[in-house]
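Please open the model in your viewer and keep the sequence panel beside it.

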Amino acid sequence: MSQPDDFVYAGDLEPKEVWGRLKSEHRSLLIDCRTIAEWSYVGIPDLSSLGQEAILVEWQRFPDMSVNPDFVDTLKSELDARGLAPDTPLYMLCRSGVRSRSAATAMTRAGYSNSYNILDGFEGNLDEASRRGHLAGWKKSNLPWRQK
């Protein structure tokens with residue numbers, strides 16, 4: 001997948017590849033940048049079998065979907081509190097892999113060079129019946145998730 005010039009981040013990864021990296025890279029983090037409503041009604045990745053928990057920070061705020069001006073600072077504070085350096089692998093997840101590209105770009109520009117986008121996000125694109133979760137994404141890849 002080619003990236004527009006305004007998207008600058010470490011790369012795009014399939015959900016199963018991210019799962020493997022989370023298992024093998026003890027200091028890597030999954031950042032779920034969907035909205036509060038999506039976390040509550042659609043579910044969140046379940047990383048408990050890895051001894052981890054996804055960090056939940058909205059890229060766009062529900063309900064007006066305005067870009068969260070505190071996204072980078074909130075995430076940097078979380079990383080600092082955990083004693084993690086700017087080279088920490090960060091895996092950004094949204095609904096379909098669009099907002100997460102912007103989030104990965106923002107973190108890269110803030111000095112976090114190992115910021116990745118998770119392709120197809122949590123639910124993937126719409127199918128022919130205008131439903132998500134049936135074509136691609138975290139859920140379709142049969143990776144662990146739970147209702148919040």
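Is Arg82 buried, exposed or partly exposed? Select Arg82 and show its surface: with a relative accessible area of 41%, Arg82 is partly exposed, where buried means under 20% relative accessible area, exposed means over 50%, and partly exposed lies in between, as computed with a 1.4 Å probe on protein chains only.

Before you go on, note that this is a predicted model, in which local features need pLDDT of at least 70 and side-chain atom pairs count only at pLDDT 80 or more, whereas totals for chains, interfaces and linings use all residues. Residues are numbered from 1 along each chain as its sequence is written, and side-chain values use heavy atoms, with hydrogens and water left out.

**Stop 1: salt bridges**

Glu78, at 30% relative accessibility, counts as partly exposed. A search of the whole structure finds six salt bridges.

Next select Arg61 and Asp70, which form another salt bridge, with their closest N and O atoms 3.2 Å apart. Arg61 is partly exposed at 32% relative accessibility, and Asp70 is partly exposed at 36%.

Now move to Glu38 and Arg99, whose side chains meet in a salt bridge of 2.9 Å, N to O. This pair links distant parts of the chain, because Glu38 belongs to helix H2 (residues 36-41) and Arg99 to helix H4, 61 residues apart; helices (H or I, at least four residues) and strands (E, at least two) are DSSP runs, numbered from the N terminus. Glu38 is buried, with a relative accessible area of 11%, and Arg99 also counts as buried, at 10% relative accessibility.

**Stop 2: the helix that holds Arg99**

Select the whole of H4, residues 99-109. Nine of its 11 residues are buried, so H4 is largely enclosed by the rest of the structure. Among the buried residues are Arg99, Ser100, Ala104 and Thr108. After H4 comes Gly111, whose phi is positive, near 105°.

From here, select Val8, which has its place in the segment before strand S1 (11-13). Val8 and Thr108 are 100 residues apart in sequence, yet 7.0 Å apart in space, C-alpha to C-alpha. Not counting residues up to four places away in sequence, Val8 touches Ala104, Thr105, Thr108 and Arg109, where contact means heavy atoms within 4.5 Å. Val8 itself is partly exposed, with a relative accessible area of 41%.

**Stop 3: the sheet**

Switch to a cartoon view and look for an open sheet of five strands, which has the order S1-S8-S7-S2-S4 with parallel pairing; two strands pair if DSSP finds at least two bridges between them. The edge strands are S1 and S4, each of which pairs on one side only.

Select strand S7 (residues 90-93), from which Leu90 and Met92 point one way and Tyr91 and Leu93 the other way, and all of them are buried. In a regular strand the side chains alternate between the two faces of the sheet.

Strand S2 (residues 29-32) runs parallel to S7 and is joined to it by four bridges. Leu29 has Leu90 as its bridge partner in S7, and Asp32 has Leu93. S7 also pairs in the parallel sense with strand S8 (residues 115-118), over three bridges, and there Tyr91 stands opposite Tyr116. The chain crosses from S7 through H4 to S8 in a right-handed β-α-β crossover, a term which says that, with the strands pointing away from the viewer, the path from the first strand over the helix to the second runs clockwise.

**Stop 4: a buried aspartate**

Finally, select Asp46, in the loop between strand S3 (44-45) and strand S4 (55-56). Asp46 is buried yet has no salt bridge, and the nearest side chain of opposite charge, Arg146, is 4.5 Å away; here Lys and Arg count as positive and Asp and Glu as negative, while His and the chain ends are not counted. Leaving aside neighbours within four places in sequence, Asp46 is in contact with Trp19, Pro144, Trp145 and Arg146.

Methods:
A salt bridge is a side-chain nitrogen of Lys or Arg within 4 Å of a carboxyl oxygen of Asp or Glu.
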